[in-house]
Amino acid sequence: MDDYDKTCLESALVGVCNIVQQEWGGAIPCQVVLVTDGCLGIGRGSLRHSLATHSQRSESNRFPLPFPFPSKLYIMCMANLEELQSTDSLDCLERLIDLNNGEGQIFTIDGPLCLKNVQSMFGKLIDLAYTPFHAVLKCGHLTADVQVFPRPEPFVVDEEIDPIPKVINTDLEIVGFIDIADISSPPVLSRHLVLPIALNKEGDEVGTGITDDNEDENSANQIAGKIPNFCVLLHGSLKVEGMVAIVQLGPEWHGMLYSQADSKKKSNLMMSLFEPGPEPLPWLGKMAQLGPISDAKENPYGEDDNKSPFPLQPKNKRSYAQNVTVWIKPSGLQTDVQKILRNARKLPEKTQTFYKELNRLRKAALAFGFLDLLKGVADMLERECTLLPDTAHPDAAFQLTHAAQQLKLASTGTSEYAGYDHNITPLQTDFSGSSAERM
Amino acid sequence: MKIFSESHKTVFVVDHCPYMAESCRQHVEFDMLVKNRTQGIIPLAPISKSLWTCSVESSMEYCRIMYDIFPFKKLVNFIVSDSGAHVLNSWTQEDQNLQELMAALAAVGPPNPRADPECCSILHGLVAAVETLCKITEYQHEARTLLMENAERVGNRGRIICITNAKSDSHVRMLEDCVQETIHEHNKLAANSDHLMQIQKCELVLIHTYPVGEDSLVSDRPKKELSPVLTSEVHSVRAGRHLATKLNILVQQHFDLASTTITNIPMKEEQHANTSANYDVELLHHKDAHVDFLKSGDNHLSGSSREGSFKETITLKWCTPRTNNIELHYCTGAYRISPVDVNSRPSSCLTNFLLNDPRYKIDGSLEIPLERAKDQLEKHTRYWPMIISQTTIFNMQAVVPLASVIVKESLTEEDVLNCQKTIYNLVDMERKNDPLPISTVGTRGKGPKRDEQYRIMWNELETLVRAHINNSEKHQRVLECLMACRSKPPEEEERKKRGRKREDKEDKSEKAVKDYEQEKSWQDSERLKGILERGKEELAEAEIIKDSPDSPEPPNKKPLVETDETPPVEKSKGPVSLLSLWSNRINTANSRKHQEFAGRLNSVNNRAELYQHLKEENGMETTENGKASRQ
């Protein structure tokens, strides 16, 4: 980004907006920290001017807020509250936060402007926005103290019934492992880096940070590198096995731990959060029922690991998986009629398919109350019968006549013949034996 | 969308009165003669659908799309109205599918054109619709039970979609009044009932449909609030495909759907199997799927779909997926879809391609409680050395038959036998003086002698087995066998000859093993062992962890090193980078979480006496030995 010698907050925000979008797109949450002396600039390009013209923007010079990505805008004012309140600066800056849908906060200096107070203000920002989440990662008896970056945001499940934001547990318990192929790139609310905190309970003080004795600290670092850490074991295992660990985040809330490569050489342990609920990933079914495969009567992955229980088949198939009948467009109806006709011309070889298609059409026509169609198709089959060539198998004529007659009966709508679950079955003829067909 | 918005409950009320048997006057050619057939055949006359057929198939299409995208929690109640109301299904989830509705509609059949029109009315259906909206759904019931005293927070809203043939605007007005009146009455009833819920909000969508070519007697009217509880809108629509289009638009509005067209999907031609052409398939889905697109400003919006009807669709170019499914991709959303034109060839080619996962699928679901997985993890991790050089037995193929079954909840006789065989085999190895894979990494010299190697191995195996003896009596038997067979610990005399440190280490781990039953102190013993070993192994071991290719940086190493480079805050008042400000803060926070070093806890004036144990007679209390020796 270029820098200029004039205060022009709007251009700065536009610049940030472009950089973030180019770099990370519109889906990655970003914290934007604006450091200002609280002066808003003068004339054109000043924040006052920007805000005054805010309502007159077209698509081409859209005001950069709200940012087109999930964001928090933190405004760090190098001025104390009294100074800012003496003008309308604070109001204007507050407008910015409002324009960012309330996502963000303004920080001001407590007391006189000096290095110590500025540091203290940034300290507050760090505490608010850059503090990792501390948790204990558990897998049976194996545990590790970890920090999670960035802090997972509280999640509101349903604003009507359950408006209390859910926060994740500080005990993150691994409840199982699953193949990457089975979980297959699931949608996640957010993802986080999981880093072990260097300490061990025997009292090695590692990573205490500020110490005056650098030598001591170095040795502490060396020790930290030597302590076997469950995170390292977990990360390596997940990577080698091509699996993810399912982790319990709270009641009816799960996430996954996995290895994510950030370059060819280096990869990290990451945690992603699923949407809370009993069944966040429909293709895995209910989380509460994902027990260990060793408990299954038969290994669902097969002896040679050549099959998988996932994705689960839904109880009710979706319309695109169940061969539904839709005749809204004439072409839909014509295709179905032609299928019957094509099979009719290949009787008796296609007897089974012929009746299958015939019954499908019959069912739909009955449900839609489209009895004229049944009559029409019956007429058509009768005509086909008259057009049969001399070489045709004698069974063909019998089947066509039988089918036509059954459709006519159904078209009367009387319950005896128009039952939805009733199927027209092939006529048993002396030739039936030879009409065996492979389906 | 809130769970209990208007879209939770949709009531279809379809007119089944005699005039609905009338033709929509839109012809369908169904006798499409295939080429090269006998000349001179006159095709059968085209047929046309009745107003009823048009209404039913359009409603079914609405339901199809809704069920595809919301298989749960969005419910339909279907009512047919003539001389009375016929309620075809209930709010229960089992009743929510197309097959059920189609079967029920078939049972009703088309309207009887010869029935007495005076006896028939859409009003019966509308009254029944209000009644059914007061009935609680299983989801509402569940939510109310869960919320207990806050049960009133569970909303009861719904939508009535009424397809009829009205006589005039005032007729429409009369229908609206009737609905309003009925809601009023039923809300009074519901107030005094545990099984019924008052209607908080009802959206009435009145669709007047009439044969193509006739003039409409009813005018369109946008949504209007008739009362705080009832809103109503009127659509006057020609029957046939116009009605279907209208319901397609409505389902998109009601359920916040949007359209995406996948373009350039290569498919084999039906006629010429060896050629392929590109097709487009339009899909509907929740509009949230487009949120990020629209935000990015890069909207691939194209004006209208081929139908030219209502929608804006976002076009995406097909990209044949690689068959690599072992990679995790970052995914921010997954949405259910429904093809607009479900049984067109391009649509079914696409959905079949996507449904036919190459991997073999099994039917039926696995339902094993997740708690069982936690139990299993607990058992498997009772004894789990974290690094290879810390274990002997897990480096030995010969131990596998025992190690793999001992973690089980219960053992079979065969398992016990296998464990015993494993132990005998180890005894045999010891007798033959076979070498053991004891890690010599970081140790000085050749490492422990052979007999000592076996002692370490037996100790470790005992630790493993002891961790599981409470699982069952059979586990106990394995331990008995082990104790009977293992080489006995050396005599006290011999022990004294050995180096003190090693002795400490061994005794510590043996002691810990005995403690297991009370506490899982094995864990501490492992750590202790680790610390003691590190005393000797120094940096070499760190190399092992760091060198394993997949390991992240050792914890906190980096930030700390960087802190080194910047002067500590207190010392100089010079500039502090934001990064160091941050890392100092985080590190301080982390350090607060540490358990305090026992030496410091027990210290007097920040001085702790070292090697206290040497003063003690038995010299066994060496807990802080490892640490102390470094200071």
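User: What is the relative accessible area of Lys408(B)?
Analyst: This is a predicted model, so take the number as computed from it. Lys408(B) pairs up with Asp415(B) in a salt bridge, with the closest N and O atoms 3.0 Å apart. Asp415(B) counts as buried at 9% relative accessibility. Lys408(B), on the other hand, is partly exposed, and its relative accessible area is 34%.

User: How far apart in sequence are the parts that Glu214(B) and Arg25(B) tie together?
Analyst: Their side chains meet in a salt bridge, 3.0 Å from N to O. Glu214(B) sits in the loop between β7 (201-210) and β8 (221-225) of chain B, while Arg25(B) belongs to strand β2 (residues 23-28) of chain B, so the parts being tied together are separated in sequence by 189 residues.

User: Are Asp68(B) and Arg64(B) buried or exposed?
Analyst: These two form a salt bridge, their closest N and O atoms being 3.6 Å apart. They both lie in helix α1 of chain B, 4 residues apart, about one turn of the helix. As for accessibility, both Asp68(B) and Arg64(B) are buried.

User: Which residues of chain B does Leu373(A) contact?
Analyst: Leave out neighbours within four places in sequence, and some partners come from chain A: Trp327(A), Leu333(A), Leu361(A) and Ala365(A). The list also has partners from chain B, namely Phe30(B) and Ile47(B).

User: What is the bridge partner of Val32(A) in β2(A)?
Analyst: Val32(A) is on the covered face of strand β1 (residues 30-36) of chain A, along with Cys30(A), Leu34(A) and Thr36(A). β1(A) pairs in the parallel sense with strand β2 (residues 71-80) of chain A, over 7 bridges. Together with helix α2 (residues 47-52) of chain A, the two strands make a right-handed β-α-β unit. Within β2(A), the partner of Val32(A) is Leu73(A).

User: How many contacts does the stretch at residues 200-215 of chain A have beyond near neighbours in sequence?
Analyst: Chain A has a mean pLDDT of 86, with 90% of its residues at 70 or more. Over residues 200-215 of chain A, though, the pLDDT is below 50.

How values were computed:
Residues are numbered from 1 along each chain as its sequence is written. Chains are lettered from A and ligands numbered from 1 in the order in which they are written. This is a predicted model: local features need pLDDT of at least 70, side-chain atom pairs count only at pLDDT 80 or more; totals for chains, interfaces and linings use all residues. Side-chain values use heavy atoms; hydrogens and water are left out. Buried means under 20% relative accessible area, exposed over 50%, partly exposed in between (1.4 Å probe, protein chains only). Two strands pair if DSSP finds at least two bridges between them. A crossover is right-handed if, with the strands pointing away from the viewer, the path from the first strand over the helix to the second runs clockwise. pLDDT is the predictor's confidence in each residue, from 0 to 100. Contact means heavy atoms within 4.5 Å. A salt bridge is a side-chain nitrogen of Lys or Arg within 4 Å of a carboxyl oxygen of Asp or Glu.
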